[in-house]
Amino acid sequence: MNVQVNVNLKPFHTFGIDIPCDFLVEAANVDDVIDAYQNPQWKQLPKLILGKGSNVLFTEPFHGVIITNQLLGKKVTESDKLFHLHIAGGEDWPSLVEWTLSQGIYGLENLALIPGCVGSAPIQNIGAYGVEFKDVCEYVEYLDLDTLTITRLNSDQCLFAYRDSVFKQSLLGKVVIVAVGLKLNKAWKANLSYGPLQAEKDILTTPQAIFDLVCDIRRSKLPDPSVTGNAGSFFKNPVITTENFNRLKTAYPELSGYPMTEGGVKIAAGWLIDRCGLKGHQIGGAQVHPQQALVIVNAGEATSKDILDLAWFIRQTVSHKYGVDLEHEVRFFDSEHETNLNNIFTENHV
Ligand code: NAP
């Protein structure tokens, strides 16, 4: 187990902000994770598991132990109609998608190029272009941080919902995801339900063609975090009541809405932010991406406070104009705990 003291987290999160943590542990296997949690010197210290850091904002220096998930390994078995993949939590999601295609295993192509670890994918039930993690999930294995034993949940037990799961609810902070099981049909069927894929349906006859198009669209719309720091979509698409949607649609006929199976109507957060005229809006080094309103970028030397001030400004502006409260998809951590914009601005901020 590799332990570092007083570490700058800049290379460990995609916002690329200079911010320190007290201890950083690289966990190459489950025993390393257990050792970090059992170390008597760190007993009282807060601990945080970090994947690729592609969906986090450190709002303050972290006074505890950060454990990076470096658990690696991929195993494929087959049944009559399915490929079954057992993938360790520290594997890189975009690399996994590419690897499956190279192995002739299809079904992940719509989820190409979503940054992050395999072990992070179930937490927010990642999704793109009509496919969600839950559609391909067979099980999730986690280390219980109380009992230090491994438990396997089937897909139903994960309580997947829109960008949500049991890992963001009752199991929050209590487990480390060590592996996921995926099931992918041997008989491939394209999912072209989303507009940008539907528009090209005549040429999207292979998984590779879908993969290539999704990669092209994402590269053209989303800033590359290795060049410009960002954490992807900053806010979730809000799901509002049908009555609320009808009210907004009357006032703004060009608003699109997508009815959800669990009720309510999803609207695009990026559209709301864009229509508030906020593309390119900057506070300090934090900027609303000029091409993609849903992304906040580190335009150069941004501090966490710059990002927070901009996020709060966006939230307030959208709330005043549309009466819709945006929730952030990016997870915030202060010196010890997970936190959120409301806590920061309504309780602590001066
Ligand atoms: P977009 O095409 O500009 O569309 C804006 C929003 O409208 C999307 O977020 C999408 O919701 C929704 N939408 C569009 N067509 C839809 C349909 N046919 N049915 C239901 N909802 C529809 O979106 P974008 O920002 O460029 O993102 C493209 C895709 O990549 C989206 O699916 C987005 O979720 C995904 N993405 C995912 C992540 C992540 O998992 N963290 C990060 C970045 C982008 P949905 O977001 O629910 O699909």
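Asp 309 counts as buried because its relative accessibility is 18%. Buried means under 20% relative accessible area, exposed means over 50%, and partly exposed lies in between (1.4 Å probe, protein chains only). This is a predicted model, in which local features need pLDDT of at least 70, side-chain atom pairs count only at pLDDT 80 or more, and totals for chains, interfaces and linings use all residues. Residues are numbered from 1 along each chain as its sequence is written, and side-chain values use heavy atoms, with hydrogens and water left out.

**Salt bridges**

A search of the whole structure finds 12 salt bridges. Each is a side-chain nitrogen of Lys or Arg within 4 Å of a carboxyl oxygen of Asp or Glu.

| Pair | N to O distance |
|---|---|
| Asp 309 and Lys 305 | 2.7 Å |
| Arg 331 and Glu 338 | 2.7 Å |
| Glu 329 and Arg 163 | 4.0 Å |

Asp 309 and Lys 305 are four residues apart in helix 8, so about one helical turn separates them. Helices (H or I, at least four residues) and strands (E, at least two) are DSSP runs, numbered from the N terminus. Lys 305 is partly exposed, at 46% relative accessible area.

In the second pair, Arg 331 is buried at 18%.

Where do Glu 329 and Arg 163 lie in the chain? The salt bridge between Glu 329 and Arg 163 links distant parts of the chain, 166 residues apart. Glu 329 is in the loop between helix 8 (304-322) and strand 20 (331-333). Arg 163 is in the loop between strand 11 (150-154) and strand 12 (175-185). Glu 329 is buried, with a relative accessible area of 11%. Arg 163 is buried too, at 14%.

Salt bridges also join Glu 132, Lys 134 and Asp 135 in a network.

**A pocket**

The second largest pocket has a volume of about 430 Å³. A pocket is an open set of points on a 1 Å grid over the protein atoms alone, with protein on both sides within 12 Å along at least five of seven lines; lining residues have an atom within 4 Å of a point. The lining of this pocket has 19 residues. Lys 168, Lys 236, Glu 327, His 328 and Asn 340 lie nearest its centre. Strand 21 (338-339) and helix 9 (341-348) each supply at least two lining residues.

**The chain start**

Met 1 lies in the segment before strand 1 (2-8). Met 1 is partly exposed, at 44% relative accessibility.

How values were computed. 1 Å grid on protein atoms, 1.4 Å probe; cavity = no way out; pocket = protein on both sides within 12 Å on 5 of 7 lines; lining within 4 Å. Points joined across faces, edges and corners; volume = space filled by probe spheres on them.
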